[in-house]
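Hello,

Here is the structure I said I would pass on. My notes on it are below.

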Amino acid sequence: MFLGHIDHGKTSLLDYIRKTHVTEKESGGITQHIGAYQIEHQKKKITFIDTPGHEAFSQMRSRGAKIADIAILIIDASEGVKEQTKEAISHIKLARIPLIVALNKIDKPEADSAKAKRELAKEEILVESIGGKIPSIEVSAKTGKGVEELLELILLIAEMEDFKTDRTMPAEGVVIESYLDNLRGPTATLLLTQGTLRVGDIIGTDSVFGKIKNLENFQNSPLQITSPGDPVVVVGLEDCPRVGENFKIFSDIEAAQNHLILIEKKAPEVLEISQEQKIINLILKTDCLGSAEAIEGVIKKIPQEKIILRILKSEVGSVNETDVKMAKSGRALILGFRVVINPVAKIIAEREKVKILQFQVIYDLVEEVRKYSQRFLESKAERIDLGKVKALMIFLTEKNRQIVGGKVIEGEVKKGVSIEVFRGEELMGKGRLINLQKNKKDAEKASKGEECGILYEGDIKVEEGDILLIYTEERKREEI
Ligand code: GDP
């Protein structure tokens, strides 16, 4: 990530690298600023985050996102350290990520790197050439001088720091950019820090969620699947996420929705007693005493071991300011049955974010309460065994990965599943299925009787004759 004072050349340097290392798409149309791009240098990928100004960076930091692995501080060598250089330095120090100093505009006759380095030293940034540890390099976005060396330095640091990404973990990352596209709707650039994303996946942040409709690389070419570290453009979120938010993958829309509800504290009426037990406070307003009694009766019948439905007040009459104030202080949900909400109460409720639900039919009210409380039940991981594969041949073994050729002897095997390795009766260890092939071609699944190739990753080495038990774990919400 490039940081530094305005006009010191961040954009120019990024542009220079992009122009010299990324083949522009033929269409050459105006592409929306997507905030990130990727180059390949010496067969290694480098992702550049091109955020306009470091405002975005501090936002990301304040949201706890670790977005970049390396910071590159750009300083105009003819100007030296400026106010925003100092700000950038404090950001970098807080982010605790490795730093490279790029002294830009070295083509200018008045460029004075030595002076800039001395000024940096005053900010406790000691570069190598004056006895410090921080690498620095003279560059010019105008002539391209030093840019190749800068890229090499980036790769060298990446190698020394041994940055790793894990494809097998559930996908998560950071929102780099987002905007509303007139035709496609909310469009976001995401940087994946771990895991992989596919079209159809459900992702969500603390403010929005959605199902991925389109997945594209930074040049807007469609993708089926992405790798960690890749910047990707995603269409399908229901709204624009905030820049700097973390996102993650969810098992289903409902899980993403629930995450939102809990995070945004849209549900102050849910009080958590423990992991297993929660209370929902209710204020009941009805048209007559008879309705009140009937409703209280059916609410009591809803099983309440996990979610306790506590009626704080039950009264005849329209929903008024007192009810709203009580709901606010007592953190309750207001249920109105065949009653109106008076206008002032409505305004206060909106302002104070107090939820009022209105009903005409008892059955609807009870169902809504039941559904509502169900949303706050913890979800449990449910294991589903899919099948068994007998390992017949091991083709390749590297670090924690192997290519295993085998035959499905029971059920079926799919992509993206978990694996338990059995030797005889004994469970030897666990791993993940990273890729699946049939006849040397990528396949979605293989069924009983078929032979397949499995790219396996795990803590235990598979041996010929082992049985791989294939299973998935889905998070399922309990029912009331
Ligand atoms: P940013 O605000 O840090 O993104 O800076 P810009 O990339 O917009 O650059 C500010 C100005 O400096 C522009 O007019 C660039 O043309 C100029 N500039 C950037 N890099 C160089 C360089 O290496 N040499 C010279 N001579 N000018 C540069």
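The notes cover a pocket, a surface patch and some salt bridges.

Please keep in mind that this is a predicted model.

Five elements supply at least two lining residues each: β3 (44-49), α5 (147-161), β7, β8 (185-194) and β12 (246-250). Of these, β3 gives the most, with 6 residues.

Strand β7 covers residues 172-181 and includes Y179. Y179 counts as buried because its relative accessibility is 15%, below the 20% cut-off.

Surface patch. L392, M393, F395, L396 and I403 form a nonpolar patch on the surface, and together they have about 450 Å² of accessible area. Strand β18 (residues 379-398) gives the most to this patch, with 4 residues. F395 lies in β18, and its relative accessibility of 54% is why F395 counts as exposed.

Salt bridges. The whole structure contains 22 of them.

- K115 and E119 form a salt bridge with the closest N and O atoms 3.3 Å apart. The two residues are 4 residues apart in helix α4 (residues 113-122), so about one helical turn separates them. K115 is partly exposed at 32% relative accessibility, whereas E119 is buried at 19%.
- K328 and E352 form a salt bridge with a closest N to O distance of 3.5 Å. K328 belongs to helix α8 (residues 321-330) and E352 to helix α9 (residues 343-352), so this pair ties together parts that are 24 residues apart in sequence. K328 is partly exposed, at 43% relative accessibility, and E352 is partly exposed, at 28%.
- R383 and E420 meet through their side chains in a salt bridge of 2.9 Å, N to O. The pair links distant parts of the chain, with R383 in strand β18 and E420 in strand β20 (residues 418-423), 37 residues apart. R383 is partly exposed, with a relative accessible area of 33%, while E420 is buried, at 7%.
- K285, K313, E315 and D323 are linked in a network of salt bridges.

Regards

Technical notes. Residues numbered from 1 in each chain as written. Predicted model: local features only at pLDDT ≥ 70, side-chain atom pairs only at ≥ 80, totals over all residues. Heavy atoms only, no water. Buried < 20%, exposed > 50% of the residue type's maximum accessible area, 1.4 Å probe, protein only. Patch = residues over 30% accessible without salt bridge, like charges linked within 9 Å, V, L, I, M, F, W, Y side chains within 5 Å. Areas by Shrake-Rupley, 256 points an atom, 1.4 Å probe, with all protein chains shown as cover. Salt bridge = Lys/Arg side-chain N within 4 Å of Asp/Glu carboxyl O.
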